[in-house]
Amino acid sequence: MANLEELLHQRLAPAFESVAGTPVDPTIRRSQRAHFQSDAALPLVRKLGGNPQDIAAQVVKVAQLDDLCSSVEVSGPGFINLTIANATLGRLLAEICSDERLGVPQTGAPQRITVDYSAPNAAKEMHVGHLRSTIIGDAAVRLLEWQGHTVIRQNHIGEWGTPFGMLVEHLLDIGESEAAHELSVGDLNGFYQAARRKFDADEQFKDRARKRVVLLQRGDETTLRLWHTLVDESKKYFMTVYGLLGVRLTEADFVGESAYNDHLQQVVDELDERALLHESEGALCVFPEGYTNRHGDPLPIIVRKGDGGFGYGATDLATIRHRLHNLHATRLLYVVGLPQSQHLDMIYAVARDAGWLVPPARAEHIGHGSILGDDGKMLRTRAGASVKLVDLLEEAVSRAAAVIASKNPQLDDEARAAVARAVGIGAVKYADLSTDRLKDYVFDYDRMLSFEGNTAPYLQYARARICSIFRRSGAEPPQDIEALAITEPAERELALELLAFGSLVASVAETLEFHKLATYLYSLASTFTSFYEKCPVLRSEGETRQSRLVLCDLTARTLELGLRLLGIESPDQM
């Protein structure tokens, strides 16, 4: 099913080509002067000469728009204003009424897409700094899977390197059973900090830790077994957090740094074959063209250090090589904070120079800003520590429970707990996703849990109100309807919003700018509120009543689907 913009494009594109003698993009967009507007006639003056108004008039004359539009006018310097006919709106809405995808087809060009996100460090608790990558990555996975792409989730956890010598030695000191207990109850920070204190204060412990790193890297059986204990308990803790947050990551998605250990030498060999490796102060480095420090010196990616060990740049290169050669990805997404932008660009550049990253494959940094406190600085506890992610989420659910108890005391305990979780977690996710991901934002429980404004609770409540219309009246939304009767201005505005969903989703799937989907959902809910105030639903009769019930149903379904694509639940009652 074509959406409105596609239908208008299909009619205007050949008309413009007929007038211009060459293909022309009609550049159709929503307009305040009409439903849609095309300004493509204006730049054609450079090619055709004359007056843009005359060019626009010629396009309108040959365009086949009578069955779609009630009015087509040329205005201003040469704009084409298009008003969609009520009958067209009614027909298109009826077409999507019985479609569970609301008229949005799956992609005609499915890709294999890797999404690298979350990526906590083993033996450390997840903190607020992991929230944005996890939420944005999960939304990307949901949307791209819904579009019909093959999506491969990659949780690139940090579970290798020098800290693990220190951690294994601390585990041996306190005993395996005691260590397993500490880790199983989620006290990863306490375990790590105790090990760190000993490392900083005890030279003998520090020496043992360094020797343990060597044993780990050499594959010593006992050391690897103890290392696995640390990593496995960490994964169990991570899965608890993911369950609370309601994201799709599973244990099968963990792909730690150690997974690439056997590939590192091959990376060195292939870079050497391409004459990309250069020795610098005893280390083997790659210097991708165009990257310099503030003094103008070329910036390196250290592949192999002077002591023979591999730098984290080597692991990142092995990772992108694996995703291209072994996973056969054609789109590689890295949902990582903006400070990593230059490093990732350098990795992509080397991957291209090495012949790994070649069209049609493309790698993209889905960058994001930071979460700030009221003081405009990085969000921290009053003691100055990082805010634990579990504490943050549980506080959101607790506050939501208090709000729900006051708004709807009739809900039983089980229902109230479920709604509180949906509202609390949804509020945290939506506050993040409704912000341009490139910007920082201030974390504010009161604002994000408000039932007014552009928040998850407002959208969830809007949908729950629509559900209550059907629940209270016993009415069922009509399924087999040939066309809706669209007559009132508020009906037209709601119809246009509903029909805009498909093109919006397609755009967001490409840009992964989820704040645009959030803005659309807020606009849809606000437009519905205006419609419901101006157009009686249950008190209307006949064809009008049926049509308005369909508008209610389509709005509820669009809100539910849009929120679901953002990873947010929509309770039927609140």
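Visitor: At what angle do helix 9 and helix 10 pack, and how far apart are their axes?

Guide: Two packed helices are described by the angle between their axes and by the distance between those axes. In this predicted model, helix 9 (residues 203-218) and helix 10 (residues 221-245) pack at about 95 degrees, and their axes lie 8 Å apart. Angles of 65 to 115 degrees count as roughly perpendicular, so helix 9 and helix 10 are roughly perpendicular to each other.

Visitor: Which residues of helix 9 and helix 10 meet?

Guide: Helix 9 contributes Arg212, Leu215 and Leu216, which meet Thr223, Leu224 and Trp227 of helix 10. The residues of this contact divide into 4 nonpolar, 1 polar and 1 charged.

Visitor: How many bridges join strand 8 to strand 9?

Guide: There are 3 bridges between strand 8 (residues 283-286) and strand 9, and the two run antiparallel.

Visitor: Let us turn to single residues. Is Asp138 buried or exposed?

Guide: Read the relative accessible area: under 20% counts as buried. Asp138 has a value of 0%, so this residue is buried. Asp138 sits in helix 5 (residues 131-147). Leaving aside residues up to four places away in sequence, Asp138 touches Tyr117, Gly246, Val247, Arg248, Lys429 and Gly567.

Visitor: How many salt bridges does the count come to?

Guide: Side chains of opposite charge can pair when their charged atoms come close. Here the count comes to 32 salt bridges. One of these joins the side chains of Glu145 and Arg153, at 3.4 Å from N to O. Glu145 is partly exposed, with a relative accessible area of 25%, whereas Arg153 is buried at 18%.

Visitor: Which parts of the chain does the pair of Glu569 and Arg421 link?

Guide: The side chains of Glu569 and Arg421 meet in a salt bridge of 3.1 Å, N to O. Glu569 is in the segment after helix 21 (542-565) and Arg421 is in helix 15 (residues 413-433), so the pair links distant parts of the chain, 148 residues apart. Glu569 is partly exposed at 45% relative accessible area, and Arg421 also counts as partly exposed, at 26%.

Visitor: What is the N to O distance between Asp572 and Arg463?

Guide: The distance is 2.9 Å, and the two side chains meet in a salt bridge. Asp572 is in the segment after helix 21, while Arg463 is in helix 17 (residues 456-473); they are 109 residues apart. Asp572 is partly exposed, with a relative accessible area of 44%, but Arg463 counts as buried at 11%.

Visitor: Last, the backbone. Which residues does a cis peptide bond join?

Guide: Most peptide bonds are trans, and most residues other than glycine have a negative phi. A cis bond joins Pro359 and Pro360, with omega at about 10 degrees. Pro360 is in the loop between helix 13 (341-353) and strand 11 (362-365).

Visitor: Where are Leu102 and Ala275 found?

Guide: Leu102, not a glycine, has a positive phi of about 55 degrees and is found in the loop between helix 4 (86-97) and strand 5 (112-116). Ala275, not a glycine either, has a positive phi of about 60 degrees and is found in the loop between helix 11 and strand 7. Leu102 counts as buried at 8% relative accessibility, whereas Ala275 counts as exposed at 56%.

Note on methods: Residues numbered from 1 in each chain as written. Predicted model: local features only at pLDDT ≥ 70, side-chain atom pairs only at ≥ 80, totals over all residues. Heavy atoms only, no water. Helix = DSSP H or I, 4+ residues; strand = E, 2+ residues; numbered from the N terminus. Buried < 20%, exposed > 50% of the residue type's maximum accessible area, 1.4 Å probe, protein only. Contact = heavy atoms within 4.5 Å. Axes fitted to C-alpha atoms, helices over the stretch in contact; angles between N-to-C directions. Parallel < 35°, antiparallel > 145°, perpendicular 65-115°, else oblique. Nonpolar A, V, L, I, M, F, W, Y, C, P; charged D, E, K, R; others polar. Pairing = 2+ DSSP bridges. Salt bridge = Lys/Arg side-chain N within 4 Å of Asp/Glu carboxyl O.
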